[in-house]
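Here are my comments on the model you sent, as numbered points. Please read them with the structure open.

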Amino acid sequence: MSKDTAEQFAQQLSDLRQGIDELDSQLVDLLAKRAALASKVGDIKAKTGMPIYVPSREAALLADRQQQAEAAGVSPALVEDLLRRIMRESYHIQNNRYRCVNPGVKRIVVIGGGGALGSVFVGLFTRSGYNVDILEKDDWSQAESLFAQASLVLVSVPINLTVDVIASLKALPENCILADITSIKDKPLGAMMAAHSGPVVGLHPMFGPDAPGMIKQVVVVCHGRGEATYEWLLEQMKTWGANLIETTAQDHDKAMAFIQVMRHFNTFVYGAHLAGENPDLVQLTQLSSPIYRLELAMVGRLFAQSPNLYADIIFNNPDNFALLRRFHQRFGEALSLLEQGDKTAFIEQFNEIGEWFGDYAKTCLVDSKQLLLKADDNQMLRSVQPQPED
């Protein structure tokens with residue numbers, strides 16, 4: 001290639017890049033205009049009580065834009081990814097104020113409202129126009145006077161303290177709602193039913209305090225007593241964007257043994273094994289494909305959080321220990337297959353498990369591919385930064 005030809009291509013490339021830069025700049029301007037409109041939408045939703053998240057509206061918008069993308073020769077999957085990220089940001093913009101579903105509520109008392117998850121609820125109630133009081137252990141002398149005016153008392157304390165705190169609640173107003181947001185439900189719900197003759201409901205927000213709000217978040221509802229009285233509370237959470245799932249306290253706790261206890265304990269042991277073997281984390285992440293980096297990130301994430309929280313979840317119910325013991329037994333049986341070199345038995349068992357998962361396994365394969373494409377774009381998952389030596 002001659003020097004003149006090379007310079008010509010270089011100039012063409014520069015012009016094209018400048019065009020791309022201009023379009024990218026226009027995209028930023030368009031996003032700013034969209035954010036302004038989303039903020040106005042949030043104002044209207046706050047006044048009318050419309051929920052922040054409307055699944056049918058989101059689904060229709062995505063379908064229309066994907067159809068438009070296909071007609072224009074643009075990847076529908078790319079457009080979907082972009083719009084989902086943009087809409088998530090729009091929901092957060094609208095997360096500043098909400099309609100008060102029940103203006104007749106006098107006061108809401110959040111026991112443990114200064115804590116991580118309790119403060120999320122305090123913020124949501126406050127942005128909805130409710131009068132909210134926070135009650136911590138050092139403020140207990142004020143409890144009686146606060147309870148006297150309360151329409152809702154929400155218990156948000158560590159798991160190991162929940163039942164004792166509930167048992168100490170005395171003389172709540174007859175129509176006051178007593179609720180908790182603990183990650184176990186059977187014992188706290190029973191304690192609330194015994195401590196208070198009025199309306200009772202058990203709630204389990206399936207998200208952590210780092211969540212920006214309740215938009216698209218699952219909240220488990222375990223009914224206790226007086227459902228008609230606390231219906232406004234459930235409607236308020238729907239307004240916040242929550243997806244409410246109703247179940248019994250017993251079924252909830254059985255499910256949490258698999259969803260929380262078993263997963264957290266397994267992750268704890270995996271982390272303990274890594275720490276004991278002491279591999280080079282930088283090298284592990286550099287050599288890993290996206291799925292393995294993501295799995296490693298989920299292990300590391302656990303150990304960046306409160307050990308007391310996870311200890312409470314795992315240790316709280318001794319009935320879960322038998323489940324973990326069975327997991328330990330099955331791990332040993334699988335290891336025996338390896339030691340015996342019985343590949344045929346391994347494959348047979350693999351197929352049996354695959355049949356148990358059924359079509360869900362195929363769905364997971366498709367969904368995980370999309371997730372991994374996003375994870376691969378995240379520089380945070382590419383490597384662990386080496387720590388300076390002491």
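1. Helices α9 and α12 cross in a left-handed sense. This is a predicted model, and the remarks here and below should be read as such. The two helices, α9 and α12 (residues 307–315), pack at an angle of about 120 degrees, and their axes are 9 Å apart.

2. Which residues make the contact between α9 and α12? From α9 come Q260, V261, H264 and F265, and from α12 come Y310, I313 and I314. Sorted by class, this contact of α9 with α12 has five nonpolar residues, two polar ones and no charged ones.

3. Helix α9 (residues 249–277) also meets helix α13 (residues 319–340): their axes come within 11 Å and cross at roughly 55 degrees. The pair α9 and α13 is therefore oblique as well. The crossing of α9 and α13, however, is right-handed, whereas that of α9 and α12 is left-handed.

4. On the α9 side, the contact with α13 is made by A257, F258, V261, M262, F265 and N266; on the α13 side, by N320, L323, L324 and F327. Eight of the residues in the contact of α9 with α13 are nonpolar, two are polar and none is charged. V261 and F265 of α9 are listed in the contact with α13 and also in the contact with α12.

5. The sheet is open and has seven strands, in the order β2-β1-β3-β4-β5-β6-β7, with mixed pairing. Its edges are β2 (132–135) and β7 (243–246), each of which pairs on one side only. Direction ignored, neighbouring strands of the sheet are turned by 25 degrees against each other on average.

6. At the β2 end of the sheet, strand β1 (residues 107–111) runs parallel to β2 and is joined to it by four bridges.

7. Helix α7 (residues 186–195) touches β4 (177–180), β5 (200–205) and β6 (218–225), and its direction makes about 155 degrees with that of β5. Helix α8 (residues 231–239) touches β1, β3 (150–155), β4, β5, β6 and β7, and the direction of α8 makes about 20 degrees with that of β5.

8. How is α7 placed against helix α6 (residues 159–167)? The two pack at an angle of about 10 degrees, with axes 8 Å apart. Angles under 35 degrees count as roughly parallel, and α6 and α7 are therefore roughly parallel to each other. T162, V163 and I166 of α6 meet K187, P188, A191, M192 and A195 of α7. This contact of α6 with α7 has six nonpolar residues, one polar and one charged.

9. Two annotations can be set beside the model. UniProt, in an unreviewed entry, lists residues 106–368 as "domain: Prephenate/arogenate dehydrogenase". Over residues 106–368 the model is 57% helix and 14% strand, with the end C-alpha atoms 47 Å apart.

10. The unreviewed UniProt entry also gives a "coiled-coil region" for residues 6–40. In the model, residues 6–40 are 100% helix and 0% strand, and the end C-alpha atoms of this stretch are 51 Å apart.

Note on methods
Residues are numbered from 1 along each chain as its sequence is written. This is a predicted model: local features need pLDDT of at least 70, side-chain atom pairs count only at pLDDT 80 or more; totals for chains, interfaces and linings use all residues. Side-chain values use heavy atoms; hydrogens and water are left out. Axes are lines fitted to C-alpha atoms, for helices over the stretch in contact, and angles run from 0 to 180 degrees between N-to-C directions. Angles under 35 degrees count as roughly parallel, over 145 as roughly antiparallel, 65 to 115 as roughly perpendicular and the rest as oblique. A crossing is left-handed if the near helix is turned anticlockwise from the far one by less than a right angle, and right-handed if clockwise. Contact means heavy atoms within 4.5 Å. Ala, Val, Leu, Ile, Met, Phe, Trp, Tyr, Cys and Pro count as nonpolar, Asp, Glu, Lys and Arg as charged, and the others, Gly among them, as polar. Two strands pair if DSSP finds at least two bridges between them. UniProt positions are given in the numbering used here, feature names are shortened, and annotations may be inferred rather than shown by experiment.
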